[in-house]
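Colleague: I would like to go through the labels on this model one by one. Please set each value against its rule.

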Amino acid sequence: MNCHILRLLTIGACVAFCSEASSQSFCEPVNESSIAGAQVLGDGSPGSVTTPQIQTALDAGGPIVFDLGSDPTILVVEETLVASRETVIDGGGLVTLSGGGVRQILRITNPDPAENAPHFTVTLQNIRFINGRTDGGRGGAIYKEHGFEFPHKVSLKLVNCHFANNHAPLDGTSQDDGGGALYAELMNRIDISNCAFDGNSGSNGGALYSLVSLHLNVVDSVFSNNQAIGTGGNPGNGGNAGAFGVDGPNRLVDICRTRFEGNRSNAFGAGFFSVMYDQTSRTRFEDVTFRENIQLSDTEHTGGAYIQDGPWAMERVSFVDNEARGYGGLFVAGNAPGRMRNATFSRNIARTGLGGAMGLSSTPAIEVINSTIANNVATEAFAGGIAIGTPNQLSLTNTIFANNSGGNRFVGWAMNNPANQSGGGNLQWPEIRPDGGGSETPVTMDAIFTEPMLSPLASDNGGQVPTLAIDIDSPAVNAGVTGLSVPNTDARGQPRDSLPDSGSFEFIASGMIFKDRFEHR
């Protein structure tokens, strides 16, 4: 059964459906497109391809390749290229298209406004896009604009691409502008595989912004050092989604084996930002790391990921060293039911607000299972771990809270309010806040206060995401409970045994070599 059928399920069923104990991946591979019968541009020498030649090939459609010699080549486009039909541009790993710092590189349009117009896909593979710039507010390198055509007739596939130093500066006309590398309006699909987005900026979505596109599938990619330069959020002048932003209803977002590192925003969500508006949408993450993403302003919040008003799921994710005014790692807002398993939150910072690790909406059903929430800080406030209201619909199972702290020692540091439900197996430390701060409220009624003896830093212990390791002496070993929702692997993909450990890391005694009592690879 395919998870696309989530559109037909109730919300309770939706959350449960994609969260069985099985670790089967939902990640959808993205392969290169065929270049058989391609038009060949160039005569084997550098400089033998002009912008008009590329445009003529795009007008004809079909695959396009380059013959410019064996060395890397930068082609500075003299005018913005336009793709308006099915095409594949393959740079062979040698070609870079540049906007020269003065123009957008590629615009994608659909010339057929009819409802029965054929769908077409633009594929860009084995190619770099650098120094693109637009004065129109949307799409520094690439802009798929929506005019009068019927929506969702065009798709985009990016494979083995690199986007660097592309910019969509503020033009002051729309709170929804942005997309330093790519701005996509009302597309059918956007598939991205093995791509890097580095040093791009835009009002919203420093690297990528999607507006009312239906399906985004991102695998094996990196978003680093991008910035959302707008201010005030929405309404306002943007500043959401330092790296990757998605806005619009009725859409599916899947992100796998991808890293968000060192991105910045002036408003909400320095790494990732999503507003869904409905319960037929979904946002899913698998093997994803958010590290050192920073929300900069003193008025908005959320460093790692901001998710609002729609179902979500996280499987094997890590939020490490993210920072914001409030909610350093993750913020979930509104009617957004979800499930998180094998998550690690470590050393995230809320500068002046609550929720060093995360803030969660109190009204929808949210489950946190086999996760480790440690060493997060609310510098001037409290709830260094999780900030949540009461009453809430949060359920915790096999989850570790350790050494989360706050500037206010008189209010709970692990959580400001306990979870409404417990699946068992939850550990918490410390029991008493220092300097007369009082006793911590248990995160669940049956939480056990004990020092879990975690490794000091989240690091590479195998698998796709950093984890906080435990050794054989940790009270977390075999402290977990079993059940349908408990994953059969840990955050590294290592199998859990019949008595699972609490937290995101499963200690495995056989075949491991330890240094300083912790596993290192």
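**Values against rules**

Modeller: There is one disulfide by the rule used here, a pair of cysteine sulfur atoms within 2.5 Å. This is a predicted model: local features need pLDDT of at least 70, side-chain atom pairs count only at pLDDT 80 or more, and totals for chains, interfaces and linings use all residues. Residues are numbered from 1 along each chain as its sequence is written, and side-chain values use heavy atoms, with hydrogens and water left out.

Colleague: What makes C27 and C256 a disulfide?

Modeller: Their sulfur atoms are 2.3 Å apart. The cut-off is 2.5 Å, so the pair counts. The link of C27 and C256 is left-handed, with -100 degrees about the S-S bond. C27 sits in the loop between α1 (11-17) and β1 (39-41), and C256 in strand β21 (residues 252-261), 229 residues apart. Helices (H or I, at least four residues) and strands (E, at least two) are DSSP runs, numbered from the N terminus.

Colleague: Why is C256 called buried?

Modeller: Buried means under 20% relative accessible area, exposed over 50%, partly exposed in between (1.4 Å probe, protein chains only). C256 has 0% relative accessibility, so C256 is buried. C27 has a relative accessible area of 14%, so C27 is buried too.

Colleague: Is H301 buried or exposed, and why?

Modeller: H301 is at 11% relative accessibility, so H301 counts as buried. H301 lies in the loop between β25 (294-295) and β26 (305-308).

Colleague: What makes the link between the side chains of H301 and T302 a polar contact?

Modeller: The two side chains meet at 2.6 Å. A polar contact is a pair of N or O atoms within 3.5 Å; within protein, one must be able to donate a hydrogen and the other to accept it, and residues adjacent in sequence count only if both atoms are side-chain atoms. Here the contact is side chain to side chain, so it qualifies.

Colleague: How do you know that β23 and β26 pair?

Modeller: Two strands pair if DSSP finds at least two bridges between them. Strand β23 (residues 272-275) and β26 have four bridges, in the parallel sense, so they pair. In β26, A305 is the bridge partner of F272.

Colleague: Which strands are called edge strands, and why?

Modeller: β4 (81-83) and β36 (386-388) are the edge strands, because each pairs on one side only.
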